[in-house]
Amino acid sequence: MSIGRRGWWRIGIAAALCVAGTGTAAVASGVAPLGGRAQVGADEQRAPDGEDGLQVVNVTVDRTGVRGLTVVRALVANLGPNETSRNFKTTVRLPKRVTVEGRVFPDNCQYDDARRELTCDFRKGLTLRRTATVLLPLRIADDVRAGERLSGGAVSVLDPDRPTRTVPTRAFTIDVE
C-alpha cells in the first residue's frame, strides 16, 4: 500500500510543525540552538519506495560552534497500513566526541554500556500517519576545531509489528563552525 502524494504532503507538514515546535521546546528547556538549521527537501523526508510501518523519515541537527550545544531532532512516522498500539523503541548512535547534556525527549532514554547509543521507549505506540519526535541536546567536545564535521551518528526505529524486518537507519553529521 502506498501513501501517495497527498499523504507525504501531510507528513511533511507534520514534520515542519514538529521541527518548529521543538525549537521552542529546546529554548524553554535551556538548550538554545546556535546557528541555522539545514534545509531538508521533500525527497529527503521520504522513506524508501515500498516501505511502510514505522520509519525514521527525517533527522535534523543545528550547526554549532566550538564547545557549543546542538540539538538532534529525529522524526519517526507510522506509514501504515496499521496503527501501532504497542511500545516502540528508537536507537540513536552518537558521533564520537559528543555527549548528551540536558534533558532528552522522551525522558526515558537509556545509554548502552559504552555510552555511545541511546535507546528511547515510546510507550503509547503510534497511530496511523502520526509522528513522534526524539530530541537530544548534545555538547561538542573541547578538542573539536571549527570546520570539523562529526560523522557516525544514526537513528533507527524498531517496529514492534515487524520485529524481524530491517528498517533503514538515517545517518546524521554535526557541522562545527
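The model is a predicted one, in which local features need pLDDT of at least 70 and side-chain atom pairs count only at pLDDT 80 or more, whereas totals for chains, interfaces and linings use all residues. Residues are numbered from 1 along each chain as its sequence is written, and side-chain values use heavy atoms, with hydrogens and water left out.

S1 and S2 belong to an open sheet of four strands, arranged in the order S1-S2-S7-S4 with antiparallel pairing. Strand S1 (54–61) and S4 have a single partner strand each and stand at the edges, so one side of each lacks a neighbour in the sheet. On average, neighbouring strands of this sheet are turned by 30 degrees against each other, direction ignored, where the axes are lines fitted to C-alpha atoms and angles run from 0 to 180 degrees between N-to-C directions.

A further open sheet is built from five strands in the order S5-S6-S3-S8-S9, again with antiparallel pairing. Its edge strands are S5 and strand S9 (170–175), each of which pairs on one side only. Within this sheet, S3 and S6 run antiparallel and are joined by six bridges, with Thr91 standing opposite Thr119 in S6. S5 and S6 also run antiparallel, joined by two bridges; here Gln110 stands opposite Thr119 in S6, and Tyr111 has Leu118 as its bridge partner in S6. S5 and S6 form a hairpin with five residues between them, and Arg115 in the turn has a positive phi of about 60 degrees. The charged end of Arg115 sits over the ring of Tyr111, 3.7 Å from its centre, a description that requires NZ of Lys or CZ of Arg to be within 6 Å of the ring centre and within 35 degrees of the ring normal.

Which residues does the disulfide join? It links Cys109 to Cys120, with an S to S distance of 2.0 Å, and the term stands for a pair of cysteine sulfur atoms within 2.5 Å. Cys109 lies in the loop between strand S4 (98–100) and strand S5 (110–111), while Cys120 lies in strand S6, 11 residues apart. The link of Cys109 and Cys120 is right-handed, with 110 degrees about the S-S bond. Cys109 counts as buried at 12% relative accessibility, and Cys120 is buried at 0%, where buried means under 20% relative accessible area, exposed over 50% and partly exposed in between, for a 1.4 Å probe and protein chains only.

One aromatic pair is counted, under a rule by which rings of Phe, Tyr and Trp (its six-membered ring) pair if their centres lie within 6.5 Å, with planes under 30 degrees apart counted as stacked, over 60 as edge-to-face and the rest as tilted. The rings of Phe88 and Phe122 have centres 4.9 Å apart and planes at 5 degrees, so this pair is stacked. Phe88 in strand S3 (residues 88–93) and Phe122 in strand S6 (residues 117–122) are 34 residues apart, and the pair thus links distant parts of the chain. Phe88 is buried at 1% relative accessibility, and Phe122 is buried with a relative accessible area of 11%.

Definitions and conventions. Two strands pair if DSSP finds at least two bridges between them.
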